[in-house]
Amino acid sequence: MISYIKSFIQHSPNQLITYADYISAALYHPEYGYYMRDQQKIGRQGDFITTSNISDIYGRLAAKWFAYVCEKTGLPNAFCEIGAGNGRFAHAFLQEWQESIKRPLQYVIVETSPYHRRLQQNLLDQYPSVIQVEDITAIKDFEGMIFSNELFDALPVHVIEKINGELLEVMIGIQNEGFVEQGVPLTNPAILQFLQESGLELKEKQRIEVPLAMKKMLGSIATTIKKGLIVTADYGYTNEEWMHPARSTGSLRGFFQHRMFDNILENPGAMDVTTHIHFDYLIERGRQLALEFVTMLRQDEFLLKAGILQELENHYDPNPFSEVSKRNRAIRSLIMPGGMSSYFHIVIQEKGMVTRDINLFQNQK
C-alpha cells in the first residue's frame with residue numbers, strides 16, 4: 001500500500017494528492033485497501049466495534065420497528081442496508097423477522113467489500129430473501145427503508161484549513177520517504193460550493209473535513225429511492241458544534257486494534273479511517289434532493305422510542321453468563337447515559353411520503 005500511494009503521489013501534478021485521494025486508496029483500493037482485505041475489522045479481534053456487534057438486540061429491535069412502520073405507512077416490506085459489514089445486524093434483523101413477524105420480506109445489502117460480501121453470504125445463506133449488490137446504483141425505484149450504520153463517516157473527505165486569512169486545501173506529499181502535509185491555495189470549486197451551501201465559515205487556524213463523497217452518496221440514495229424512509233445512524237456534529245474551539249483541528253482519526261491515532265498517514269491500509277459527519281449539511285442537502293427531514297434523535301433516544309425497554313427480561317437470573325443476563329447487560333449498555341449510543345444520532349428522512357401526521361414510534365405518546 002505504501003509503495004502504491006508513493007507512486008500515486010509521484011505521478012500526480014506537483015507530486016501532491018488530496019486527503020480524499022489518500023483515504024480512498026487506504027480504505028478502498030481493490031487489493032490493498034483496508035476494507036477490501038481479508039481480515040477481521042469489527043469486534044474484539046478487529047480494530048473497532050459497532051452498535052450492532054454489541055448484541056443482536058439492535059438488529060432485532062430494528063426489525064420490529066420497521067414492521068411497525070410498514071403497517072402504519074403502507075410501505076412495502078423492503079429493507080435496504082448500505083454497508084452491512086460482517087452481516088451481524090442483517091442476521092439479527094432477519095432472525096427476528098422470521099420468528100415474530102413472518103411476512104414476506106425483501107432484504108437488499110449494498111456492499112463494496114468482497115471480503116464482507118463473503119462473510120455475509122456465509123452468515124445469511126439460510127435467508128433466500130437477501131439480495132447483495134456492489135453499488136447502490138444497481139437498485140432502481142426502491143420503495144421501503146434505506147438504512148445505514150456508520151456509512152458516511154467511512155467515506156473519503158477533503159481537508160481544508162484557514163491560515164493567515166486564506167483558505168488552503170491540505171494535500172499529501174512525500175518527504176524523507178514518509179508522507180507529509182502541504183497546504184495549497186483552495187481552488188476546488190466543489191469544496192467552495194460545499195462551504196457556500198453549508199454556511200460554514202472557518203475561523204483562523206481552523207481545520208475541517210469536507211465530505212464531497214457523502215454528497216455524492218446522498219445523491220445516489222435520492223436517485224435510488226422512489227418512496228420510503230432513509231435512516232442514517234452515525235456520529236457527527238451540527239454546524240454550531242463544528243465551530244466550537246475544541247474541534248478546531250477537525251475530526252479525522254484512525255483506529256487500529258481499538259486504539260485511536262490522530263495521524264492517519266501512518267500505516268495506510270492497516271487501520272480504519274473515520275471522520276465525524278456534517279449533520280446540518282446531510283439534512284439540508286437531503287431537502288434539495290427531495291429527501292424531507294423527519295427527525296434527528298440521539299441513538300439511545302431512538303432505541304427507547306422503538307421499545308428497547310420491552311426487550312428486558314424482568315426475572316432475576318443469578319448466573320451473570322446466562323443468555324438472559326448478557327442480553328439485559330447489552331440493552332442497558334445501549335441506553336446508559338454516557339454509553340456508546342450517546343455518541344450516535346439517528347437521522348430520519350423521507351421521500352414521496354407525508355409522515356408528519358403519522359406516529360413512527362409505537363411507544364411514543
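## Close-up views of a predicted model

**View 1. Helix 2 and its buried residues.** In helix 2, the buried residues are Tyr19, Ala20, Tyr22, Ile23, Ala25, Ala26 and Leu27, where buried means under 20% relative accessible area, exposed over 50% and partly exposed in between, with a 1.4 Å probe and protein chains only. Because seven of the 10 residues of helix 2 (residues 19-28) are buried, this helix is largely enclosed by the rest of the structure. Helices (H or I, at least four residues) and strands (E, at least two) are DSSP runs numbered from the N terminus. The model is predicted, so local features need pLDDT of at least 70 and side-chain atom pairs count only at pLDDT 80 or more, whereas totals for chains, interfaces and linings use all residues. Residues are numbered from 1 along each chain as its sequence is written, and side-chain values use heavy atoms, with hydrogens and water left out.

**View 2. The whole chain as a setting for the close-ups.** The chain contains 11 helices and 17 strands, and 54% of its 365 residues count as buried. Of the contacts (heavy atoms within 4.5 Å) between residues at least 6 apart in sequence, 74% join residues at least 24 apart.

**View 3. The largest nonpolar core.** A nonpolar core is a set of buried Ala, Val, Leu, Ile, Met, Phe, Trp, Tyr and Cys residues joined through side-chain atoms within 4.5 Å. The largest one has 43 residues, and Trp65, Phe93 and Tyr107 have the most contacts inside it. Among the elements that give two or more residues to this core are helix 3 (57-73), helix 4 (88-101), strand 3 (106-110) and strand 17 (345-351), and helix 3 gives the most, with 10 residues. Not counting residues up to four places away in sequence, tryptophan 65 touches Met145, Val231, Phe302, Ala306, Ile348, Leu360 and Phe361. A second, separate core of 39 residues includes Phe194, Leu195, Ile230 and Val347.

**View 4. Aromatic rings.** The structure holds 22 aromatic pairs, a pair being two rings of Phe, Tyr or Trp (its six-membered ring) with centres within 6.5 Å, counted as stacked when the planes are under 30 degrees apart, edge-to-face when over 60 and tilted otherwise. The rings of tyrosine 28 and tyrosine 35 have centres 5.4 Å apart and planes at 40°, so this pair is tilted; tyrosine 28 is partly exposed at 24% relative accessibility, whereas tyrosine 35 is buried at 12%. One aromatic cluster is formed by Tyr58, Phe66, Phe79, Phe89, Phe93, Trp97, Tyr107 and Phe147.

**View 5. Histidine 158 in strand 6.** Histidine 158 belongs to strand 6 (residues 158-163) and is buried, with a relative accessible area of 11%. Its side chain is joined to that of glutamate 169 by a polar contact of 2.7 Å, a term for a pair of N or O atoms within 3.5 Å of which, within protein, one must be able to donate a hydrogen and the other to accept it, residues adjacent in sequence counting only if both atoms are side-chain atoms. Leaving aside neighbours within four places in sequence, the contacts of histidine 158 include Thr18, Ala20, Asn188 and Val210.

**View 6. Two loop residues with positive phi.** Glutamate 150, in the loop between strand 5 (142-149) and strand 6, has a positive phi of about 60° although it is not a glycine, and glutamate 150 is buried at 14% relative accessibility. Asparagine 164, in the loop between strand 6 and strand 7 (166-175), has a positive phi near 55° and is exposed at 72% relative accessibility.
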